[in-house]
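Me: I have a two-chain model to go through. Can we take the helices and the interface by question and answer?

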Amino acid sequence: MNLHELAVIGGMMFVTFGVRYVLFALGEKVSFPPLVRDALRYVPIAVLTAIVVPMVLLPDGRHWSIDWHNAWLIGAATSGLIAWLRGPLLAAILVSMAVFFAWPYLIA
Amino acid sequence: MAANEQSAVPEAQVAPTNLKYAELWHGARDSLPMLLGAAPFGLIFGTLASPSGLSAFGAMGMSLFVFAGSSQFIALSLLASGTGLAVIILTTFIVNLRHALYAANLLPHLSSLPRRWRIMLAFWLTDETFAVVQHRYGQADDSPYKHWYQLGSSLAMYGNWQLWTIAGILLGHATPMLEHLGLEFAMAATFTGIVVPMLKSRPTVASALAAAAVALLARDMPYKLGLLLAAVAGVVVGVGLERLSRKAAA
């Protein structure tokens with residue numbers, strides 16, 4: 001474990017524990033303004049989408065790849081479809097991984 | 001009198017201890033579905049650590065000291081793309097902000113506990129434990145040991161996460177070819193599977209579209225700042241549309 005990793009873990013620990021503990025530390029009833037409450041509900045959607053979409057549409061990080069040869073795109077679409085049909089998350093992951101790995105052979 | 005006291009003292013000590021352990025055990029037992037649900041993610045996290053450039057000790061340290069599944073996953077994908085320290089920490093902060101909501105919910109039940117209890121339960125506060133314990137706190141019985149139930153759930157989730165992280169690290173090392181297989185896709189598959197069921201209304205869909213568009217446009221910004229911009233854009237669009245549609249309905 002090098003210094004950079006130590007800093008990453010230390011920093012992540014600091015902010016994560018900080019967020020979890022700050023209200024417990026105050027020790028009295030606190031409530032959030034409705035705007036903050038609403039905003040927090042959109043954080044997972046926004047962050048996860050912002051990570052996934054570039055990964056899937058530009059698998060090599062530089063070139064657009066929006067066609068059916070792109071196994072990342074087909075795989076993510078599979079996962080999204082299963083999740084959309086209310087399949088369990090684990091099924092979405094496993095099936096889409098199978099599709100992702102098999103795709104190059106399927107279209108060859 | 002003296003004899004009565006002698007017999008009363010051990011009883012008064014033993015019974016609460018048993019009640020505490022019963023709560024501890026029930027908390028762990030009721031977390032079982034959550035333990036099973038978290039297992040594959042611990043495994044995938046451990047397996048993907050080394051292909052993402054995080055050492056085995058780093059992965060273990062992250063599970064031991066950060067203990068926040070989704071932000072650990074996100075940190076892996078950020079590390080793999082060479083993201084700077086500040087953005088990783090800031091992203092972790094934003095992603096974990098929801099825990100403050102959980103803490104606010106639990107606070108009325110925990111505010112009278114000694115500080116060491118509040119520190120422990122805060123460190124171990126996860127989505128899963130929150131889901132399990134808020135049910136218990138809501139039950140009508142006035143057991144004074146409900147925090148032991150939370151401790152049981154916390155310890156079970158924590159131990160489980162460490163075990164599956166180790167298993168993943170070992171798996172990753174036993175099969176060094178993993179990184180050439182494109183297992184990073186597991187991350188994209190996971191995130192997609194988490195996000196899609198959340199897209200149930202116009203504001204949520206618009207939020208995702210805005211985040212995606214900004215992430216794509218700003219993808220070449222240094223330190224992955226584009227990710228933070230995209231998060232802000234998604235949140236602003238989502239909240240804005242939600243408020244607009246509420247106003248229109250009112």
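Reply: The bend at a residue is the angle between axes fitted to the seven residues ending there and the seven starting there. Keep in mind that this is a predicted model.

Me: Which helix gives the most to the side of chain A that touches chain B?
Reply: In total, 57 residues of chain A are in contact with 69 residues of chain B. H1 (3-26), H2 (34-57), H3 (71-84) and H4 (89-106) of chain A each supply at least two residues of that side of chain A. By class, the side has 42 nonpolar, nine polar and six charged residues. With 20 residues, the helix that gives the most is H2(A).

Me: How many charged residues does the contact of H3(A) with H10(B) have?
Reply: Helix H10 of chain B covers residues 185-195, and H3(A) packs on it at an angle of about 35°, with the axes 8 Å apart. Their crossing is right-handed. A:Trp72, A:Gly75 and A:Ala83 are among the H3(A) residues there, and the H10(B) residues they meet include B:Phe185 and B:Thr192. By class, the contact has six nonpolar and five polar residues; the number of charged residues is: no charged residues.

Me: Why does the span of H2(B) agree with its 18 residues?
Reply: H2(B) runs over residues 32-49. At 1.5 Å a residue, those 18 residues should span 26 Å, and the end C-alpha atoms are therefore in agreement at 26 Å.

Me: Which proline follows the bend in H2(B) within four residues?
Reply: The bend is about 30° and sits at B:Ala38. B:Ala38 is itself buried, as are B:Phe41 and B:Leu48 in H2(B). What covers the buried residues of H2(B) includes H8 (127-138) and H9 (146-174) of chain B. The proline that follows is B:Pro40.

Methods: Residues numbered from 1 in each chain as written. Chains lettered and ligands numbered in written order. Predicted model: local features only at pLDDT ≥ 70, side-chain atom pairs only at ≥ 80, totals over all residues. Contact = placed C-beta atoms within 7 Å. Nonpolar A, V, L, I, M, F, W, Y, C, P; charged D, E, K, R; others polar. Axes fitted to C-alpha atoms, helices over the stretch in contact; angles between N-to-C directions. Left-handed = near helix turned anticlockwise from the far one by under 90°. Expected span 1.5 Å × (residues − 1). Buried ≥ 20, exposed ≤ 12 C-beta atoms within 10 Å, placed from the backbone.
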